Amino acid sequence: MKPHIVENPPIDAEHEARLQFLTWDRTPADIEAPEHRARQAHWVRVAGGSFHPTAYVAAEAAIFTSHLVLGEQSWIAGHALVRGDVEFGAHSTVNSYAMISGKVRCGDGVRIASHVTIVGFNHGYDDPSVPIHTQKHESLGIVIEDDVWIGANAVVLDGVTVGRGAVIAAGAVVSKDVPPMAIVGGVPARLVRYRGQRGKTDAVAALGRLGVMAKSQLPEVLAAYREGGEYVSREADGQARRSARHRNDAIELAAGFDTLPEGLDVAATLTELQAMQDPVTGLFPDPHRPVALGVPMRDDGLALYNVLSVGYAIEVLGGKPLYPIPAVELEAPELCDWLESLTWRGRAWTAGSVVDAIGTALYYNARYFTTGRARETLFGWLAMQQNRATGLWGSPTADEGLLQPVNGFYRLTRGTYAQFGLPVPNAERAVDSVLLNYCNYGGFSGPTYTACNLLDTVHPLLLCLRQTDYRRAEAEAIARAVVGRAEERWVPGQGFAFADGQAPSLQGTEMWLSVVHLAAELLGIADSFAFVPKGVHRMRAVGLGL
């Protein structure tokens, strides 16, 4: 007997077949159809199902779950396999032949393409003396946050969190967490770029525009921060503050554009700056804020910071310190005692700033005078005290997490490893920590989008990536974001605010121009930017022939 062939199947049959693969064609009538509601009722009974009234599951989907949630306007296509403990938010979709297993939590707007495999469990295999099939399964679970697109044939393995807005390229194998807004691809999956970021061509153009604008407005910017013949800076509270730093910032700003502040008498300024140095300790107390009575000069924050601020301004103007700095030329036990007394537990940034000043003082001694064995003691102590797991010095805090040790890493390495041109130990672990801190703060925004936080992110990444390409794409994405925002943050005739929501300041302008330069250096396009920091925020090591 010949088989019966239906040459023109009924419209309803064609539509039902279509819905197995083109499930987005479902209609309200399909959702309310008795056959569909009967399927849902069956899965409520046998598969722990919970369905939003607008959710839809195609007839040929394979559902074998102990717990299933399908949110508003979400659907599962025919021939998809869903098993285990699975939840989908609103507007999430599973295409044909996708396979979702184990414990999986999907947010809203998750798009899962055909032949995707999401495996929220794993076989035990650690004991080679026991057959794998008899070892215990484990399930860490998978979290896929809102607005994620997972391309065809991609694999997501147990324990992974895919951040909000991420895109997983077709064929990728994802075994590690994916940051929010990241595009990842490859085997194993690596960061390609972040969504919405400009390419290198746009970054080069933005750098060119900002450089031309800042250089042409430099006289106006510097004039905005002069009062009574002195440079001042207004910080968050808007109050004008006088310090030796502000004139040095003005000198460094101009030097970054290969010029000098208008009307600056170089010889007189050099004499005045050199005269700030204390001949006994070699440190630089600030005449605007004298060292408190009874406080050792090396414990005064400004006297230490001015080793950098005043010392580099002297160098920029073609001079050198008048005296060596014996305050740092200590025998090993005394130097180690000083280093160990610093605030590594609660204020690693402050501790790092002291090391920065010690390293810079040793640099002056080595370059212009003579130096003993303190440099070897300093680098030996640092090598022994670094946390090998984080690549940082100092401890995280309950309130700020890794922020203090990350920011301290910048200050510490700037005056030591960067200044002396030495490799940073455990650079890859440091990169992990800096990127984790950046992600923990959501990439910084609002009040946390400060010159310090971005400087203390970009400089360490640049320094470490001179030794390794580890996670370079993520670091470059951060650098592109800094460059991309810089132009819009510039205030004509006033420069940059130190932080979003604050008024522009001299300090903010110098620091942000330096951050943009460092970001451009990380991207390999620094030649496109007119500003190159020559002082406190310079990056290039000065050869000492040591």
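**Figure 1. Domain 1 and domain 2 of the predicted model.** The centres of domain 1 and domain 2, taken over C-alpha atoms, are separated by 48 Å. Domain 1 covers residues 11-194 and domain 2 covers residues 200-528, according to the domain assignment of the chain. Five residues from domain 1 and four residues from domain 2 make up the contact.

**Figure 2. The area buried between domain 1 and domain 2.** This area is about 390 Å², and carbon and sulfur atoms give 70% of it. Of the area that domain 1 buries against domain 2, 75% is supplied by P179, L191 and Y194, more than by any other three residues.

**Figure 3. The largest nonpolar core and the surroundings of V482.** The core has 110 residues, and I358 and V482 are those with the most contacts inside it. Helix α15 (residues 506-523) contributes eleven residues, the largest share of this core. Leaving aside residues up to four places away in sequence, V482 touches Y449, L454, V458, W512, V515, V516 and A519. Another core, of 42 residues, lies apart from the largest one; V94, A154, V156 and V162 are among its residues.

**Figure 4. Helix α3, residues 34-47.** The 14 residues of α3 reach 19 Å from the first C-alpha to the last, close to the 20 Å expected at 1.5 Å a residue. H36, R39, Q40, W43 and A47 are buried. These residues lie on the same side of α3 because they cover an arc of only 95° around the axis. The exposed residues P34 and R45 are carried by the face of α3 turned away from its buried side. After α3 comes G48, with a positive phi near 60°.

Methods:
Residues are numbered from 1 along each chain as its sequence is written. This is a predicted model: local features need pLDDT of at least 70, side-chain atom pairs count only at pLDDT 80 or more; totals for chains, interfaces and linings use all residues. Side-chain values use heavy atoms; hydrogens and water are left out. Helices (H or I, at least four residues) and strands (E, at least two) are DSSP runs, numbered from the N terminus. The expected span of a helix is 1.5 Å times one less than its number of residues. Buried means under 20% relative accessible area, exposed over 50%, partly exposed in between (1.4 Å probe, protein chains only). The arc is that of the directions from the helix axis to the C-beta atoms. A nonpolar core is a set of buried Ala, Val, Leu, Ile, Met, Phe, Trp, Tyr and Cys residues joined through side-chain atoms within 4.5 Å. Contact means heavy atoms within 4.5 Å. Domain bounds come from an automatic or database domain assignment. Buried area is the accessible area (1.4 Å probe) that two parts lose on being put together, summed over both.
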